[in-house]
Amino acid sequence: MESKEFTLESLDKIDELAALLLASYNDYKVFTLEGDLGAGKTTLTQAFCRQLKVEDEVVSPTYTIINEYNTQSGDTIYHADLYRLNTVEEASETGIEDYLFSGNYCFIEWPQILKPLLPLKFVKLVIQNHSDQNNNGRKIIAEAHV
């Protein structure tokens, strides 16, 4: 399992980071996003969606569990937030396996309960605050699973 570390010093650079991550893992479609509340999981997903030319408004699917977005080229992107789910069975009942194995981009926040259902090939992103008195930056650790 290959691991890379990326630094985001300011939100002004989040689109550049999203483009870099997508280019670095261009043959991956499933990305999991882990981090504390407020770490920036949805914000990073919004940046991914801008890079992928999503036409729809990208919002947290906290209550809907899974959102579908359309791109300018007619592709569909899936965005899941599993924070409110407690078991892998609940995740399975949402139909998430169909999304995971669709061949489309799938961004999953709070994926911890989903591990038994994940495809063999995915990118795990862990977002960590590394704030100091001068900035409100983030460190993103990316692990490619094959």
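Student: What should I know before we start?
Tutor: This is a predicted model, where local features need pLDDT of at least 70, side-chain atom pairs count only at pLDDT 80 or more, and totals for chains, interfaces and linings use all residues. Residues are numbered from 1 along each chain as its sequence is written, and side-chain values use heavy atoms, with hydrogens and water left out.

Student: What makes β2 and β5 a pair?
Tutor: Two strands pair if DSSP finds at least two bridges between them. Strand β2 (residues 30-34) and strand β5 (residues 106-109) have four bridges, in the parallel sense. Four meets the cut-off of at least two, so they pair. F31 has F107 in β5 as its bridge partner.

Student: And what makes something a strand or a helix here?
Tutor: Both are DSSP runs, numbered from the N terminus: helices are H or I over at least four residues, strands are E over at least two.

Student: In what order do the strands of the sheet stand?
Tutor: The order is β1-β7-β6-β2-β5-β4-β3. These seven strands form an open sheet with mixed pairing.

Student: Why do β1 and β3 stand at the edges?
Tutor: β1 (2-8) and β3 (66-70) each have a single partner strand, so one side of each is left without a neighbour in the sheet. From one strand to the next, the twist averages 20°.

Student: How do you know that β3 and β4 pair, and in which sense?
Tutor: They share five bridges, in the antiparallel sense.

Student: In which sense does β4 pair with β5?
Tutor: The sense is parallel, over four bridges. A80 stands opposite I108 in β5.

Student: Why is N67 called buried?
Tutor: Buried means under 20% relative accessible area, exposed means over 50%, and partly exposed lies in between (1.4 Å probe, protein chains only). N67 has 12%, so N67 counts as buried.

Student: What makes the link between N67 and T64 a polar contact?
Tutor: A polar contact is a pair of N or O atoms within 3.5 Å; within protein, one must be able to donate a hydrogen and the other to accept it, and residues adjacent in sequence count only if both atoms are side-chain atoms. The side chains of N67 and T64 are joined at 2.7 Å. The side chain of N67 also makes a polar contact with that of Y69, at 3.2 Å.

Student: Why is K53 called partly exposed?
Tutor: Its relative accessible area is 46%, so K53 falls between the 20% and 50% limits. K53 lies in the loop between α2 and β3. K53 is not a glycine, yet its phi is positive, about 65°.

Student: Is I65 buried or exposed?
Tutor: I65 has a relative accessible area of 11%, so I65 is buried. I65 is also in the loop between α2 and β3. Its phi is near 75°, a positive value in a residue other than glycine.

Student: How do you know that both faces of β4 are covered?
Tutor: On one side T76, Y78 and A80 are buried, and on the other I77, H79 and D81 are buried. That is six of six residues in β4.

Student: How do you know that R138 has no salt bridge?
Tutor: A salt bridge is a side-chain nitrogen of Lys or Arg within 4 Å of a carboxyl oxygen of Asp or Glu. Lys and Arg count as positive and Asp and Glu as negative; His and the chain ends are not counted. The nearest side chain of opposite charge to R138 is D36, 9.1 Å away. R138 is buried and has no salt bridge.

Student: Where is R138, and which backbone oxygen lies by a polar atom of its side chain?
Tutor: R138 is in strand β7. The backbone oxygen of G38 lies 3.3 Å from a polar atom of the R138 side chain.

Student: Which residues of α2 are buried, and what do they pack against?
Tutor: K41, T42, L44, T45, A47, F48 and C49 are buried in α2. The buried residues of α2 pack against α1, β2, β3, β4, β5 and β6.

Note on methods
Axes fitted to C-alpha atoms, helices over the stretch in contact; angles between N-to-C directions. Contact = heavy atoms within 4.5 Å.
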